[in-house]
Amino acid sequence: HIAGHWVEPDGLLIDTHGAAVVDQVWLLLAEAYRRVGPLPTCLERDFDFPPLAVLGAEVAQIAGLQA
């Protein structure tokens, strides 16, 4: 899956599924696809839902990386 996260004051990253996916995560996903191919990927957002157009743009970004 791919999801947003929260950064604790000490730098610890918590996978919250409640924030937008950040650039570093998109880069990591692109590298994973480069190494193993375009695997099925779930965009997880469990709360703090943005407008549907924003979610659609994130899903489109996944599809673009898979192409």
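Trainee: How exposed is Ile-14, and where is it found?
Mentor: In this predicted model, Ile-14 is partly exposed, at a relative accessible area of 31%. Ile-14 sits in strand E3, residues 13-15.

Trainee: Switching to charges. How many salt bridges does the structure hold?
Mentor: There are 3 salt bridges.

Trainee: Which residues are linked in a network?
Mentor: Glu-31, Arg-34 and Arg-35. The side chains of Glu-31 and Arg-34 meet at 2.7 Å, N to O. Glu-31 also forms a salt bridge with Arg-35, where the closest N and O atoms are 2.8 Å apart.

Trainee: Where do these pairs lie?
Mentor: Arg-34 and Glu-31 both lie in helix H1, residues 23-36, and are 3 residues apart, about one turn of the helix. Arg-35 is in helix H1 as well, 4 residues from Glu-31, again about one turn.

Trainee: What does Arg-45 pair with?
Mentor: Glu-58, with the side chains meeting in a salt bridge at 3.6 Å, N to O. Arg-45 lies in the loop between strand E4 (43-44) and helix H2 (52-66), and Glu-58 is in helix H2, so the pair ties together parts 13 residues apart in sequence.

Trainee: Are Arg-45 and Glu-58 buried or exposed?
Mentor: Arg-45 is buried, and Glu-58 is too.

Key:
Residues are numbered from 1 along each chain as its sequence is written. This is a predicted model: local features need pLDDT of at least 70, side-chain atom pairs count only at pLDDT 80 or more; totals for chains, interfaces and linings use all residues. Side-chain values use heavy atoms; hydrogens and water are left out. Helices (H or I, at least four residues) and strands (E, at least two) are DSSP runs, numbered from the N terminus. Buried means under 20% relative accessible area, exposed over 50%, partly exposed in between (1.4 Å probe, protein chains only). A salt bridge is a side-chain nitrogen of Lys or Arg within 4 Å of a carboxyl oxygen of Asp or Glu.
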